Amino acid sequence: MSRILLSSVAAVALLASGSGASAQTEIQWWHAMAGNLGETVNALADQFNKSQKDYKVTAVFKGTYTETLTAAIAAYRAKTAPHIVQVFEVGTASMMAAKGAVYPIYQVMADAGEPFDPKAFIGPVYGYYSTTDGKLLSMPFNSSTPVLYYNKDAFKKAGLAADKPPKTWDEVEQYSRKLLASGYQCGFTSQWQTWVQIENFGAWHNVPFATGANGFAGTDIKLTINDPLRLRHVENLAKWHKEKVFVYAGREGKPNPKFTTGECPMIMASAGSAGGFAQAMKETPFGIAMLPYYADVGGAPQNSIIGGATLWVLSGKPKPEYKGVARFFAYLSSPEVQSKWHMETGYVPITKAAYAHTRAQGFYDKFPGRDVAVEQLNLKPPTDNSKGLRIGNFVQIRDVMDEELEAVWAGQKTAKQGLDTAVERGNRLLADFARANK
């Protein structure tokens with residue numbers, strides 16, 4: 001078994017060995033998991049609390065990812081910050097720049113004396129959240145990547161094979177037109193359009209998002225998202241939008257009901273949506289496949305990149321309390337706990353041991369496709385274009401990309417105008433970040 005952290009059996013034994021006489025130390029964990037995911041997070045905290053007597057983890061929902069990050073920043077300034085805050089991947093560069101505010105996870109684990117091997121994490125997870133010299137800064141938690149979901153009943157109705165999802169963008173268009181002809185209101189929709197159709201699209205086709213190895217080389221960078229391939233793709237999406245081949249249904253997870261109600265038989269969405277889709281579509285079978293690619297692009301497909309969030313530790317608390325943080329992370333990352341989280345939610349198992357544990361239980365045989373996300377992340381060794389994104393002011397830059405794409409879908413701008421303007425506006429935000437973090 002991997003030495004990343006303790007096995008769950010050993011972890012429980014160690015955690016339970018603390019003195020029962022002393023009062024419990026409370027560990028505050030702020031997160032952005034709503035609904036069923038929030039219930040699962042609460043269950044994780046409760047299970048840890050029952051496994052030992054020294055620490056009590058209190059999970060507190062603080063709103064969306066952006067709201068949670070904003071609340072944590074304000075609380076830190078007011079000296080009322082939690083021990084742990086869940087930050088989505090686009091906040092990574094901002095957290096790295098917050099010198100003094102962050103207690104890096106490699107240091108937390110070393111100071112607490114917890115066994116810790118960062119190489120036990122799956123490569124794309126480890127690479128995204130590490131320094132250039134390989135030190136892991138935050139604890140991977142709900143890691144995801146976008147995949148293609150498709151309604152098998154709808155495929156059958158349209159005369160399509162339920163076990164043969166589209167592999168290329170040409171096939172996505174062909175399948176969508178058959179679905180429309182059979183009475184469906186759209187071919188496909190997409191969650192998180194910037195993450196899926198701009199960011200991951202680039203990695204999947206091995207084209208850069210920004211200069212400087214997508215920001216890993218430093219903060220003095222510029223966006224490159226108005227490249228010929230993305231321009232071609234956005235032009236196609238705009239054309240398809242007019243014909244209902246593609247339907248834009250809002251930002252983030254707002255398009256989900258289009259898929260779960262059967263209105264759109266295909267959706268490109270987070271692997272972490274699998275659990276929610278399964279609950280919402282109990283009587284409707286769906287499949288999971290890799291993202292489509294343009295077959296004439298050399299080397300495609302490459303590999304997709306990580307989304308979701310990690311757990312960052314904030315500084316300023318009494319040192320003994322961080323031992324509780326380290327023990328909680330030991331529990332969270334054990335193969336059994338991570339495997340259970342993966343199976344219940346669809347998020348990627350963050351360690352190789354958790355992935356192996358899940359497979360050994362026959363989960364992927366029982367639920368075909370639930371391993372697609374891991375296979376897609378590890379399809380090929382990552383390049384500078386597909387390792388990930390480390391972009392300053394990324395939250396605002398995503399808003400800019402959303403606004404410009406929405407203008408294209410509404411027919412207010414051409415694809416070229418939208419992408420050019422997104423680059424221009426985004427580069428101003430990048431320059432602001434670089435100046436503030438010299």
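Leaving aside its neighbours within four places in sequence, which residues is K178 in contact with?

First, the basis. This is a predicted model, in which local features need pLDDT of at least 70 and side-chain atom pairs count only at pLDDT 80 or more, while totals for chains, interfaces and linings use all residues. Residues are numbered from 1 along each chain as its sequence is written, and side-chain values use heavy atoms, with hydrogens and water left out.

Now the sheet. Five strands form an open sheet with mixed pairing, in the order β2-β1-β3-β9-β4. Strands here are DSSP runs of E, at least two residues, and helices are runs of H or I, at least four, numbered from the N terminus; two strands pair if DSSP finds at least two bridges between them. At the edges stand β2 (55-61) and β4 (139-144); each has a single partner strand, so one side of each is left without a neighbour in the sheet. From one strand to the next, the twist averages 20°. Angles run from 0 to 180 degrees between N-to-C directions, with axes fitted to C-alpha atoms, for helices over the stretch in contact.

Strands β1 (residues 25-31) and β3 (residues 84-88) run parallel and are joined by two bridges. W29 has I84 in β3 as its bridge partner. Helix α2 (residues 35-51) packs on the sheet and touches β1, β2 and β4, its direction making about 170° with that of β2.

Back to K178, which lies in helix α8 (residues 169-181). K178 is in contact with A158 and L160, contact meaning heavy atoms within 4.5 Å. F155 is 23 residues from K178 in sequence, and 8.8 Å from it in space, C-alpha to C-alpha.
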